[in-house]
Amino acid sequence: MQMEIEYEENETKKFKRFNKTGKFAAAAASSSASINNLDDGCLMHIFSFLSPLPDRYNAARVCQRWHYLAGHPRLWLRVDRSIKDLSEPGVFPNIESAVSAARPGDTILIAAGGIHHASNIQIEKPLCLIGGGERPDETTLICSRGSDSALEFLSTCKLANLTVKAELGYCLLHRSGKLTIDGCILQCESNPLDYLSCPIVSTAGCHAVFPSTFKARGDRVSVSHTRIEGGTKAVLTSGDLALQRVRVIYARTSHYFWFDVDYQ
């Protein structure tokens, strides 16, 4: 009799545990599927809160519907040199036209493959420019000789997963705002006048009378996981710099720098 009672109690405990885990599994399955019950507008609004890389990029790989919504022009603009239908919304043949049409806070995805020309493009609104390839060397911006810089930043912006090359001049010119450079390659071409070239130049705060004024404006350059090649210096600035987590690798022909740059 005692053995039967113990057997029934054990079976009851097993059933409760199974029922509990079954409910949790059912609830989890229900919650994961319920997001697909949202209409396209709601789902796209959720995607807008995701960071472009890697979250929104990963979301676009879930299924065809998510791929379409995560890459919708409302979430980011696209630059594609091979585009033939210029009437397609949110797609532009060059970076300059995409920057001109972008609204503050937009993300511009630059297609991988080929070369994109960028010469003295002023960015006066908060934007994020991202290379569309898996590696930064798959999306290249070329600044032709005779131009001061490829991109000139006058607002808070982010540059990610891109290669920027300057034949003679600056890759990036930072005037004001917070500039974040993440996972990029900045190259100054080797030539007899390479002492005139510099990958990053910042003139922010050069007219500030007091350092406190410079700090209050929040002008800053932050560089991480970025390779810098060539030029007279890695960074040329008229303000104060603090370097953190600096790593320098010397090769036969180039110095490679990985560092974070911040104004103090």
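This is a predicted model: local features need pLDDT of at least 70, side-chain atom pairs count only at pLDDT 80 or more; totals for chains, interfaces and linings use all residues.
Q: Which element of the protein has the lowest confidence, and which the highest?
A: The protein averages a pLDDT of 75, and 69% of the residues score at least 70. Helix α6 (residues 211-217) is lowest, at a mean of 40. The highest is strand β5 (residues 121-123), at 96.

Q: Which residues lie nearest the centre of the largest pocket?
A: The volume of the largest pocket is about 380 Å³. Its lining is made up of 16 residues. Those nearest the centre are Tyr 57, Ala 60, His 67, Trp 76 and Leu 109.

Q: Which elements each supply at least two residues of the lining of the largest pocket?
A: By class, this lining has 7 nonpolar, 6 polar and 3 charged residues. The elements that each give at least two of its residues are α3 (52-59), α4 (64-70) and β6 (127-131).

Q: How many charged residues are in the lining of the second largest pocket?
A: The second largest pocket has a volume of about 290 Å³. It is lined by 19 residues, with Ser 51, Pro 52, Thr 107, Cys 128 and Ile 130 nearest its centre. Two or more lining residues come from each of α3, β6 and β9 (157-160). By class, the lining has 8 nonpolar and 6 polar residues, and the charged ones number 5.

Q: Why is the pair of Phe 47 and Trp 66 called edge-to-face?
A: A search of the whole structure finds 1 aromatic pair. The ring centres of Phe 47 and Trp 66 are 5.2 Å apart. Planes over 60 degrees apart count as edge-to-face. Those of Phe 47 and Trp 66 stand at 65°, so the pair is edge-to-face.

Q: Are Phe 47 and Trp 66 buried or exposed?
A: The pair links distant parts of the chain, 19 residues apart. Phe 47 is in helix α2 (residues 40-47), and Trp 66 is in helix α4. Under 20% relative accessible area counts as buried. Phe 47 and Trp 66 are both buried.

How values were computed
Residues are numbered from 1 along each chain as its sequence is written. Side-chain values use heavy atoms; hydrogens and water are left out. On a 1 Å grid over the protein atoms alone, a cavity is a set of points where a 1.4 Å probe fits but cannot get out, and a pocket is an open set with protein on both sides within 12 Å along at least five of seven lines; lining residues have an atom within 4 Å of a point. Grid points are joined across faces, edges and corners, and a volume is the space filled by probe spheres set on the points. Helices (H or I, at least four residues) and strands (E, at least two) are DSSP runs, numbered from the N terminus. Ala, Val, Leu, Ile, Met, Phe, Trp, Tyr, Cys and Pro count as nonpolar, Asp, Glu, Lys and Arg as charged, and the others, Gly among them, as polar. Rings of Phe, Tyr and Trp (its six-membered ring) pair if their centres lie within 6.5 Å; planes under 30 degrees apart count as stacked, over 60 as edge-to-face and the rest as tilted. Buried means under 20% relative accessible area, exposed over 50%, partly exposed in between (1.4 Å probe, protein chains only). pLDDT is the predictor's confidence in each residue, from 0 to 100.
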